[in-house]
Amino acid sequence: MIDISRRPRRNRKSAGIRELVQETNLQVSDFIYPMFVQEGSNQKVEVKSMPGIHRFSLDNLLEELKEVTDLGIRAIDLFPNYPESKKDRTASESYQENTFYLKAITAIKERFPELVIMTDVAMDPYSSDGHDGLVENGKILNDATLEILANMSLAQAKAGADILGPSDMMDGRVGYIRRHLDSHGFTDVSIMSYSAKYASAFYGPFRDALESAPKFGDKKTYQMNPANKREALLEAQLDFEEGADMLMVKPALSYLDIIRLLDENFDIPIAAYNVSGEYAMIKAAAQNGWLDGDRAMMEVLMSIRRAGAKCILTYFAKEAAVILNR
């Protein structure tokens, strides 16, 4: 017999031992499920570039949430799809008291009081320009955007949001929003900042879902350069100092090193957004028989968790929950 004193395979020889020594665990409570709501009734519209993902009117969304919560998913991130007729350059619809998005938040909280509701804070779903900030003469205005984001945040907090997700990448927005919320008594509403949000090619299907692509140019003056790593530390440090409760990396799969970097440098929870394009790639490959969709899904989610993300925003949440609940 060959003299080998250290044989790592001994710890892989059976399912029981493999589970006993497993270093990273994935559980349903790690997931935040992104969902889309639209106006109307009895609406369930599949997003063509995201098989299995739909935009729901509120009545159907509440029915869907019964299935979601029965699977043990404890948090959702709700995004609105607005018609062009309700969009303007200042995103004024975002904080109108009777707008359907705010009414949906309130209705969900009343029906599912224990469900954590995260909301999106950015102008693009409501903007006639399709950008995350206020546009003037072709430029995205940083400081003028902050008041709009603060008004939007306060309206969402009043509607019942538990966590606000500023996804706009404007400088100083976390501190501005925090002060605005606190001054109105909403000190318990959390902020999960999109701290390292990259100008990625993987957002296309999401923009299909919201029909919110920019009307001109791109988002590279406010979203991060995919080549940059140290800059993510700067963005995260600023958001941390301004009062963010959780820091997010978006996308996840191409930025596992950034997830790890933030996890090693900050003692607050790190989240990662397994974005629409990452979801669509696996779905398309699985539909073509090029890979095992379930195995690829679970491998991707485990890699994000292993990199250091405590919370994972993923369109796979329902399917992964079914597997994890077996």
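## Salt bridges in a predicted model

Asp70 and Lys66 both belong to helix H2 (residues 58-70), where they stand 4 residues apart, about one turn of the helix; helices (H or I, at least four residues) and strands (E, at least two) are DSSP runs, numbered from the N terminus. This is a predicted model, in which local features need pLDDT of at least 70 and side-chain atom pairs count only at pLDDT 80 or more, while totals for chains, interfaces and linings use all residues. Residues are numbered from 1 along each chain as its sequence is written, and side-chain values use heavy atoms, with hydrogens and water left out.

Side chains of opposite charge can pair when their charged atoms come close. A salt bridge is counted here when a side-chain nitrogen of Lys or Arg lies within 4 Å of a carboxyl oxygen of Asp or Glu, and by this rule the count comes to 18 salt bridges. Three of these pairs are set out below.

| Pair | Distance, N to O |
|---|---|
| Asp70 and Lys66 | 2.7 Å |
| Asp30 and Arg305 | 3.4 Å |
| Asp245 and Arg178 | 3.8 Å |

Asp30 lies in the loop between helix H1 (15-20) and strand E1 (31-38) and Arg305 in helix H10 (residues 293-307), so their pair ties together parts that are 275 residues apart in sequence. Asp30 counts as buried at 1% relative accessibility, where buried means under 20% relative accessible area, exposed over 50%, and partly exposed in between (1.4 Å probe, protein chains only). By contrast, Asp70 is exposed at 54%, and Lys66 is partly exposed at 43%.

Finally, Asp124, Asp132, Lys197 and Lys219 are linked in a network of salt bridges.
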